[in-house]
Amino acid sequence: MNVWSSIGSIVGAIGTGGAQFVDRLVQLVLARPEGTSTVGFTVAMIALSAKMAKADGVVTTDEILAFRELFEVPPNEERNVARLFNLAQEDVAGFEVYAKKLADLFPYDHKTLLDILDGLFHIAKADGVVHESEVAYLSKVAELFGLTDREFSKVLARHVRENGNPYEVLGLGPEASDQELKSHYRKEVQETHPDRLIARGVPEEFVRIANDRLAALNDAWTKICAERGI
């Protein structure tokens with residue numbers, strides 16, 4: 001049974017009720033010994049994405065389309081995924097369960113957790129602006145992931161680039177030397193390659209966020225070079 005079929009059976013088990021949606025869904029996911037990591041990752045991402053879209057009070061078409069850009073859902077499973085997404089977006093409450101589930105799947109892998117945070121930001125900015133309520137939501141998710149304030153600031157700067165700090169995008173301070181910045185920039189670009197993300201276990205479609213991350217890195221580097229004359 002592949003991940004999408006598993007989600008279909010989970011949605012079927014939920015039935016028409018939604019009051020105890022979070023607890024029942026997580027219990028069903030954890031009860032599956034085979035493919036738990038893959039199914040758990042996808043289910044948690046669907047729920048977090050839906051609640052991310054709800055964080056500012058309004059779920060827009062752009063945000064739903066942004067979610068679909070991250071996951072290529074088979075046509076025959078779209079209804080089940082839509083059902084799961086719609087149930088999750090009814091309320092922001094309960095997102096902590098899913099954030100903790102993802103943190104448990106990648107307990108020592110901050111890079112993959114940062115990939116997930118990138119994906120959520122991708123949805124947050126789909127309507128043209130990242131609202132304060134969405135930043136607060138994502139900040140709490142990052143905290144539950146065990147990410148540092150600096151790691152969160154780096155992702156935030158990458159997605160909210162207008163009047164942003166290019167040094168925060170790279171993850172170094174302005175006190176760094178030209179050579180340190182250049183070496184760090186090159187390393188970040190290498191780490192952004194889609195193959196690196198796939199190797200970290202994220203879904204193949206999810207690597208579409210790599211293009212946006214690379215654009216942010218290049219934009220930051222261009223600004224720093226102009227500022228320093230290098």
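These legends walk through several close-up views of one predicted model.

The model is predicted, so local features need pLDDT of at least 70 and side-chain atom pairs count only at pLDDT 80 or more, while totals for chains, interfaces and linings use all residues. Residues are numbered from 1 along each chain as its sequence is written, and side-chain values use heavy atoms, with hydrogens and water left out.

View 1. Helices here are DSSP runs (H or I, at least four residues), strands are E runs of at least two, and both are numbered from the N terminus. Of the 230 residues, 47% are buried, meaning under 20% relative accessible area with a 1.4 Å probe, protein chains only. The accessible surface comes to about 11200 Å², and carbon and sulfur atoms hold 50% of that surface; the areas come from the Shrake-Rupley method with a 1.4 Å probe. Among contacts (heavy atoms within 4.5 Å) with a separation of 6 or more, 74% join residues 24 or more positions apart.

**View 2. The largest nonpolar core gathers 47 residues.** Such a core is a set of buried Ala, Val, Leu, Ile, Met, Phe, Trp, Tyr and Cys residues joined through side-chain atoms within 4.5 Å. Helix α3 (36-54) is one of the elements giving two or more residues to this core, as are α7 (110-124) and α8 (132-145). The largest share, 9 residues, comes from α3. Leu48, Ile116, Leu117, Leu138, Val141 and Phe145 have the most contacts inside this core. Look around Leu138 and you will find that it touches Met52, Leu117, Leu120, Phe121, Ala124 and Phe152, not counting residues up to four places away in sequence.

**View 3. A second, separate core has 13 residues.** Tyr167, Val169, Leu181 and Tyr185 are included in this core.

**View 4. Helix α11 (residues 178-191) packs with α13.** Their axes, lines fitted to C-alpha atoms over the stretch in contact, lie 10 Å apart at an angle of about 165°. That angle makes the two helices roughly antiparallel, a term for angles over 145 degrees between N-to-C directions. Asp178, Leu181, Lys182, Tyr185, Glu188 and Val189 in α11 meet Leu214, Leu217, Asn218, Trp221, Ile224 and Arg228 in α13.

**View 5. Thr192 sits in the loop between α11 and α12 (194-199).** Thr192 counts as buried because its relative accessibility is 3%. Leaving aside residues up to four places away in sequence, Thr192 touches Leu197, Ala210, Arg213, Leu214 and Leu217.

Note on methods. Buried means under 20% relative accessible area, exposed over 50%, partly exposed in between (1.4 Å probe, protein chains only). Axes are lines fitted to C-alpha atoms, for helices over the stretch in contact, and angles run from 0 to 180 degrees between N-to-C directions. Angles under 35 degrees count as roughly parallel, over 145 as roughly antiparallel, 65 to 115 as roughly perpendicular and the rest as oblique.
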